[in-house]
Amino acid sequence: MWGFCIILILACAAGEYSEVQVIQEMDNFLENPHYLKNQEIGELFTQLAKDYPDLAQAYTIGKSLEDRPIYALALSAPTAESKNGDLLRPMVKLVANIRGDETVGRQMVLYMAEYLATHYEGDSVVQDLLNRTEIHFLPTCNPDGFAKAQEGNCESLPNYVGRGNAANIDLNRDFPDRLEQSHVHQLRAQSRQPETAALVNWIISKPFVLSANFHGGAVVTSYPYDNSLAHNECCEESLTPDDQVFKQLAHTYSDNHPIMSKGNNCNDSFTGGITNGANWYELSGGMQDFNYAFSNCFELTIELSCCKYPAASTLPQEWQRNKGSLLQLLRQAHIGIKGLVKDASDFPIADASIYVSGLEEKPMRTSKRGEYWRLLTPGLYSVHAAAFGYQTSAPQKVRVTNDNLEALRLDFKLTPVETNFDGNFRKVKMERSEPPEKRKEQFDGFLTPTKFVHHNYTAMESYLREISASYPSLTRLYSIGKSVQGRDLWVLEIFATPGSHVPGVPEFKYVANMHGNEVVGKELLLLLTKYMLERYGNDDRITKLVNGTRMHFLYSMNPDGYEISIEGDRTGGIGRANANHIDLNRNFPDQYGTDRYNKVTEPEVAALMNWTLSLPFVLSANLHGGSLVANYPFDDNENDFNDLSMRLRNSSINGRKANPTEDNALFRHLAGVYAKAHPTMHLGQPCELFRNEFFADGTTNGAQWYSVTGGMQDWNYVRAKCLELTIEMGCDKFPMAAELPQYWHDHREPLLQFIEQVHHGIHGFVHSTIGTPIAGAVVRLDGANHSSYSQTFGDYWKLALPGRHNLTVLGDNYAPLRVEVEVPEGEPYEMRMDVTLMPDDPQHWASANDFRIIENVVNTRYHTNPEIRSRLAELENQNGQIASFGYADNEFSTYFNYLKMTSDIGEPDEHKYKLLVVSSLYDTAAPLGREIVLNLVRHLVEGFKLQDASVVDLLKRSVIYFLPQTNKFQDVFNMYNANSSVCDPVLGDELAERILNPETDQAKDMFLQFLRSEHFDLMLTFGAGSSELSYPKGDSVLEKFAHGMQRTEFNYSPLQCPPSATRQAHRETTERLTNLMYRMHNLPVYTLGLSCCRMPHHKQIASVWRKNIDKIKNFLALVKTGVSGLVQSDKGQPLREAFVRLLEHQRIINVTKNAARFQLMLPHGLYGLEVTAPNYESQIIKVNIQDGQITDLGTIRMNPFTLIRGEVVELQNKASGATTSIAGMVLDESNHPVRNAKVSVVGQTQLRNFTNSMGQYHISAVPLGTVSLKVEAPRHLEASRQLHLIQGGLATENVVFHLKINEHVFGLPRFLFILFASILIIVGVIVCVLCAQFWFYRRHRGNKPYYNFSLLPQKGKEQFDLEEDEAGDDGETELFRSPIKRGMTIQPYFDEEQLERILHTDDEDDDGPHMEPELDVADDSGDEIVMLHNHGNKRRH
Ligand SMILES: [Zn+2]
């Protein structure tokens, strides 16, 4: 019934009568051209399927809103001759009329279907096409719209009737979009139109490779993407990774289309007749992007005609124009590569990913039959395949030529992780001839005879070598390093395919024999190894474990200690430590501090740390002996470094606090699993030697039992993110070999169950919307801060208890994602949760966090010195009210430019805090720091413009100086330009080093002078090469500030920066510099590590800024919390010489010169403030500080002393000789006497006196014992001193005070005056006085009377010391044997020089010009006790 007719086309050349005859086929479907109605389409397809049953198959993909079927037809040649059937035959689709009123494509698709079906017989081109390709035709996506549209309408009808579907929804905006957030995605899914839903299902369900989607209203071929992150309306390209392929496809169509290729139709102009979608106009939710982003299909959008619904008479002409293009396009389905991905047993692997080098962002997924197609333009590629549960294939190199439009065949065979193949291990087959069950019985679980003996290092080594040689396919023996004496630390890996981390397979470890004489764990691991390897393949449980878990056993972490240990040792200490006599379980870095045991890292510990950090360990246990309990973190409390009693294993010590981790419930569960599986551990019975130790359920929190500082389990949790338990395997540390079988029986099941726990919880993969694995994403559970990180392949683990959990995933430059996950209550207790992160939009971020300042996050770059200056000058010009730029207008600003910001530049700022923000004290980190400073300035300026409450408040309360360091910028910038990324640049003589160097240097001197003259309250500076925050240690207020800074909602804490020599040097320099600034300039410096790379690529500046902005904001917000008040006399006069001190802190705050007002930044908490004014009674006020509030104490009225000057009230003599008298002098720095200084005995309000005009004072009736004498004088800083009055009768006559002038009484409000030695910490006082007394009585009982006073050590110093070999955890009872610090200077006499020194240390505030800053501030020289003997000789000054 289908025939052909021939027509003649006469073409006449002008002026010539040469006739050219072109003979063309004319298909009879073009006779009487008209648009087919939907029903007619169905009839046509049914007819075709009937007429060509081998070729055609009609189907529908769904129904429209008005219930019209959406018809489809598939055409493909029969495959009888081929063995593989239509395997690897690519599928292509032609889709049209998604907008009901764009109709030309609808007919073209129908014509092509008819054409191919009718021409298969006899047309070799069509035959070739249908033999190799399966083509699907979908002439209309929107039958309802078409029904409403009107023929002849070139533009859409009013209200776009017919363009959308029956609900007037534009279906081409209704698809899931690759850029939309998940919640938008869900919302939109609820209202998705039935047509779109049908299309989505159709596109996803079939492995289409190539597609064309026909529109009208223009003549052009458009390719993805249609939208971009920036969501510009038009004119900016948004390219796919496969742009080359798309361009080739688009050209294939356009170049073969006589009109389109010209590129200028319908008043539009497109070079070559093609365009990137987003470059033309932005469109979200389109079908073309959906195809590419959510499936493997490459789709083009082809606009066919200027008129959307032209008269049917134009259709033959359109067919002639498009036929060639279409046929050529269909053939493009064969470019690139294709192949099959199969497993070892030739089963196809579905959903495997095919990665092509350079195009990793768009991996192709295999079909259910394991097929893949990857369109590629000619070139050299490296291709690999990956699939969950399989090892990633080796990359294969291919050269794609696309010759003859035939895809290159490239197959992959993947090795499964869960192999059941027997392996090629050397098992003695004969032994397996008996049924394993019987053998299991015979050898008590093992399949071969097993010796229960102890293994020394040599025996262990040969045991491991032998067993790993016997099971080469299941094991890998490796050493992680060497002990002090050079013994290898052997680890055996047991896994179905050992050798490397397999995506999706968790890593587990057991570490034993860390204490050399605790050997049970070591022997049991050796037995467990044999047990598992023998039973692999014979025991489903073991087989499953070995197939799905990568296990690493370190049998002996301390082989040196083992060698000297003694069999039968039950609780001893010989062999416990390593060959350097260091207890390895005290040698790890600790979150709470450093002491002599973990100051220097031992080689065994270094090896263990490197190993642990090299693999993504999820779960671990550390096997000890000497008790029977499962111990979980934390092992110590915050103050245990100072409180040694906490480290004693002695159950009679009360007050030990449990210190639970954020994962406490999980840890208790894990410990419980072990304890319960053990026949006796869960009973919690004590060992013979520790009869009072009862452990409920056989588990304990480490810190609650006894404190282990520098322990391994805490380090694993805190630093390596690996959950570790410490298992005490039994009461005896080194039991006799004969007892080993019993130990094995008891522990075999707990050891196995514990390993199985590694699978319980949540795990999966983190990838981007286009499937790229995201490594290093932070994964958190239930709002806890403890993070895990996704690995190289995006895989992550988060062990969790059954139940509902919130999983938070944070990736760099991706929007944070929170999902709810439910871990099942029963087997398998695990939940796979793959998460897809959406790229986040910098503009969205900027409007949410940064006042919409696009400059801070888009097109970031490094600014040169002149650029920085002009930016800052510009900011001053535009914002003169709040910003002032200092540049070359004084000596300082010739070295350092600075921008000063405050709410009103002109107004007096005595009541404001002064903050300093320096780009960096390192020239090599300054370029990055400067950009952050610049961003911050912009942030504040813009915030102020918008009158953001927080910024306005900040600028009202403070004056901020921004100091971008410019010194060596050019050098660093040159390095950067030469190398484009300078992560670890080396430059000698950086500013930080010069500040520490005693030699003078102009820039450094100017900088220090600047600090001295401006008296900043806080300084923030930026470092790089680390992600840490450095600040002065030892002050709890400053520490709380630091914690406040680090508290951010989304803490993208990056992985630890890899170590390098310069990084280490910088870290040390930063520490010394922080000390120097704090001690010498009273300036707490916070150094925020911005990124691991010191000078990352300039595009990265945006991400650095985004990661750190919250911390910087937190720093600035510190000024918003604190306390303020006014100090007045009882008569209402401001007391301008008053000052305020924070009890138990080294801070003095003077009131302001006019209003006598004080204010003080303090983190939230409860504090005691002592308000003092000369000649007034001091007051102590309790304040409770709340976050974000300045607690105003109002007016504090002070009462004057009631006593008349010079009068001393004598106390009643209770006993003869129970009091004594004190006399002395009060002098100022230049040895002039200070008049009217108040000298008082602290705590004895009645005992006080004032100095006379010669500066002399006298106090009598002072009770014996320890007293503190305090001196206060107008315009001077107070001083105090501890006196030890031993015997009555003899007057103490030479107590001289040396006061320093308080230069700031009439200056600005300050709170950072630290009287270093004069303010004694109460606890320190008591302890040290007791020590001194103890010493005194012991050594000098019966001697002549002494008066002594002591300058007491400050906190943070070790006061205890002990012999190296007494350091065992049981030996820790020895700690108190010699409680006095060694090396204390004891001086029975004094001379002039000595006194000079003492007098100077009285007033520690050293910013006076006469003092050279002591540069080696790490050395604390305040630790001596100096005895003054009373010779009766008066000290003259
Ligand atoms: Zn131990």
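**Exercise 1. Find out how many bridges join strand 17 (residues 379–386) to strand 18, and in which sense the two strands run.**

Solution. Five bridges join strand 17 to strand 18, and the two strands run antiparallel. The names follow a convention, in which helices (H or I, at least four residues) and strands (E, at least two) are DSSP runs numbered from the N terminus, and two strands pair if DSSP finds at least two bridges between them. As one example of these bridges, Tyr381 has Val398 in strand 18 as its bridge partner. As a general point, strands of a sheet pair through backbone hydrogen bonds, either parallel or antiparallel.

Before going on, note that this is a predicted model, in which local features need pLDDT of at least 70 and side-chain atom pairs count only at pLDDT 80 or more, while totals for chains, interfaces and linings use all residues. Residues are numbered from 1 along each chain as its sequence is written, and side-chain values use heavy atoms, with hydrogens and water left out.

**Exercise 2. Decide whether the faces of strand 16 (residues 371–374) are covered, and find the strand joined to strand 16 by four bridges.**

Solution. Begin with the term: buried means under 20% relative accessible area, exposed means over 50%, and partly exposed lies in between (1.4 Å probe, protein chains only). On one side of strand 16 stand Glu371 and Trp373, on the other Tyr372 and Arg374, and these residues are all buried, so that both faces are covered. Four bridges then join strand 16 to strand 13 (residues 337–343), and the two run antiparallel. Within this pair, the bridge partner of Leu340 is Glu371.

**Exercise 3. Describe how strand 7 (residues 208–215) is covered and which strands pair with strand 7.**

Solution. Eight of the eight residues of strand 7 are buried. Strand 5 (residues 91–96) pairs with strand 7 in the parallel sense over six bridges, and here Leu94 has Ala212 as its bridge partner. Strand 12 (residues 298–303) also pairs with strand 7 in the parallel sense over six bridges, with Glu303 in strand 12 as the bridge partner of His215.

**Exercise 4. Name the donors of the zinc ion and explain why their arrangement is irregular.**

Solution. Donors are N, O and S atoms within 2.8 Å of the metal (3.2 Å for Na, K and Ca), and because water is not among the atoms, sites may look incomplete. The zinc ion is coordinated by His515 (ND1), Glu518 (OE), Glu518 (OE) and His624 (ND1), at 1.9 to 2.6 Å. The second step concerns the angles: four donors count as tetrahedral if all angles lie between 85 and 135 degrees, four count as square planar and six as octahedral if opposite donors are over 155 degrees apart and all others between 65 and 115, and anything else is irregular. Around the zinc ion, the four donor atoms subtend angles of 55 to 148 degrees, which makes the arrangement irregular. Along the chain, the donors follow the spacing H-x2-E-x105-H. Glu518 lies in the loop between strand 23 (507–512) and helix 13 (520–535), and His624 lies in strand 25 (residues 617–624), so the pair ties together parts that are 106 residues apart in sequence. Glu518 is buried, with a relative accessible area of 3%, and His624 also counts as buried, at 3% relative accessibility.
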